Amino acid sequence: TWVPLLRGHNAGAVTDLRVLVIGLGGGSTPAFLEQALPGCRIDVAELEPAVVRAAKEGMCFAPGPRVRVVVGDGAEYAERMAARSQRGGGDGVYDAVFVDAYDADGDVPAALRTRSGAFGRALTGGLLRRRGGVVVANFLPTVDIEPPLAAYSQALAQARRPGEGFGFSVRSEGQDNQLAVYACAAPGVAAPGPALGEELANSARQVARMMRARFDVVADATRDLRRYECFAHSTR
């Protein structure tokens with residue numbers, strides 16, 4: 001598959017994945033990743049200590065050997081990690097970053113969705129690994145997601161990571177939130193063409209089988225799929 005995170009549990013699966021989750025909420029995202037991706041190490045950056053306490057006490061969220069929680073600004077944390085990677089040789093830090101943080105108005109903060117924000121600077125600075133990676137951001141149904149996708153595209157193009165980049169979106173069930181996804185294909189691997197939906201469905205089936213999921217993983221991965229060709233980039 002074009003992104004290491006999505007190779008699933010087959011012969012080509014990557015076993016040393018690292019994921020950053022910005023915004024803890026109830027802890028469902030890191031808990032899901034911990035279960036779905038054995039061997040994956042997950043860092044969570046959460047601004048509010050009260051949210052961390054509530055997740056532990058009210059939602060049974062439990063950090064462990066593979067799940068680490070850092071209390072602080074997620075965009076600034078991402079920028080620090082990218083800078084550390086540059087000092088260590090610049091191979092990148094994470095295979096995936098999930099942005100699930102909101103301000104008092106329910107919007108994703110500008111620092112996490114603009115080219116000039118701390119998160120945009122982190123992407124340019126090498127936050128994603130050179131072998132390919134993905135950014136996933138959770139937006140409200142009424143938000144125009146083209147500007148943040150363009151910001152992620154521009155930031156990653158400037159990072160000059162080898163491979164092709166492309167953006168797409170799907171909608172969550174129930175609240176209809178939009179998941180904006182920008183992916184950088186692994187070096188030497190072409191980005192998916194018209195078969196993007198089929199490839200997402202195949203990866204979702206692998207996850208569903210491994211987890212013995214009781215919900216429709218394929219539908220969640222492909223619901224209202226839309227690809228944004230205008231934000232594609234290539235640095236090959």
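Good morning. The model above is a predicted one. Its protein chain has eight strands and seven helices. Of its 236 residues, 47% count as buried. Among the contacts with a separation of 6 or more, 74% are made by residues 24 or more positions apart.

Let us now turn to helix 3. This helix has 14 residues, and from its first C-alpha to its last it reaches 20 Å, close to the 20 Å expected at 1.5 Å a residue. The buried residues in helix 3 are Gly74, Ala75, Tyr77, Ala78, Met81, Ala82 and Ser85. They lie on the same side of helix 3 because they cover an arc of only 160° around the axis. The face of helix 3 turned away from the buried side carries two exposed residues, Arg84 and Arg87.

Just after the helix, glycine 89 takes a positive phi of about 125°.

In soluble globular proteins, nonpolar side chains tend to be buried together. The largest nonpolar core here has 34 residues, and the members that touch the most others are Val97, Phe119, Leu123 and Leu127. At least two residues each are supplied by strand 1, helix 3, strand 4, helix 4, strand 5, helix 5 and strand 7. Helix 3 gives the most, with five residues. Let us look at one member in detail.

I now move to aspartate 95, in the loop between helix 3 and strand 4. Is this residue buried or exposed? Aspartate 95 has a relative accessible area of 0%, and therefore counts as buried. Its side chain makes a polar contact of 2.9 Å with the side chain of arginine 129. A polar contact of 2.8 Å links the side chains of aspartate 95 and arginine 131.

Finally, two of the strands. Strand 2 is largely enclosed by the rest of the structure, because five of its six residues are buried. Strand 2 pairs with strand 1 in the parallel sense, over five bridges. Within this pairing, leucine 20 has aspartate 43 in strand 2 as its bridge partner.

Strand 6 is mostly covered as well, with seven of its eight residues buried. Strand 6 and strand 7 run antiparallel and are joined by seven bridges. Arginine 171 stands opposite glutamine 178 in strand 7. These two strands form a hairpin with six residues between them, and in the turn glycine 174 has a positive phi of about 90°.

Notes. Residues numbered from 1 in each chain as written. Predicted model: local features only at pLDDT ≥ 70, side-chain atom pairs only at ≥ 80, totals over all residues. Heavy atoms only, no water. Core = buried A, V, L, I, M, F, W, Y, C linked by side-chain atoms within 4.5 Å. Buried < 20%, exposed > 50% of the residue type's maximum accessible area, 1.4 Å probe, protein only. Helix = DSSP H or I, 4+ residues; strand = E, 2+ residues; numbered from the N terminus. Expected span 1.5 Å × (residues − 1). Arc of directions from axis to C-beta. Polar contact = N/O pair within 3.5 Å; in protein donor to acceptor, adjacent residues only side chain to side chain. Pairing = 2+ DSSP bridges. Contact = heavy atoms within 4.5 Å.
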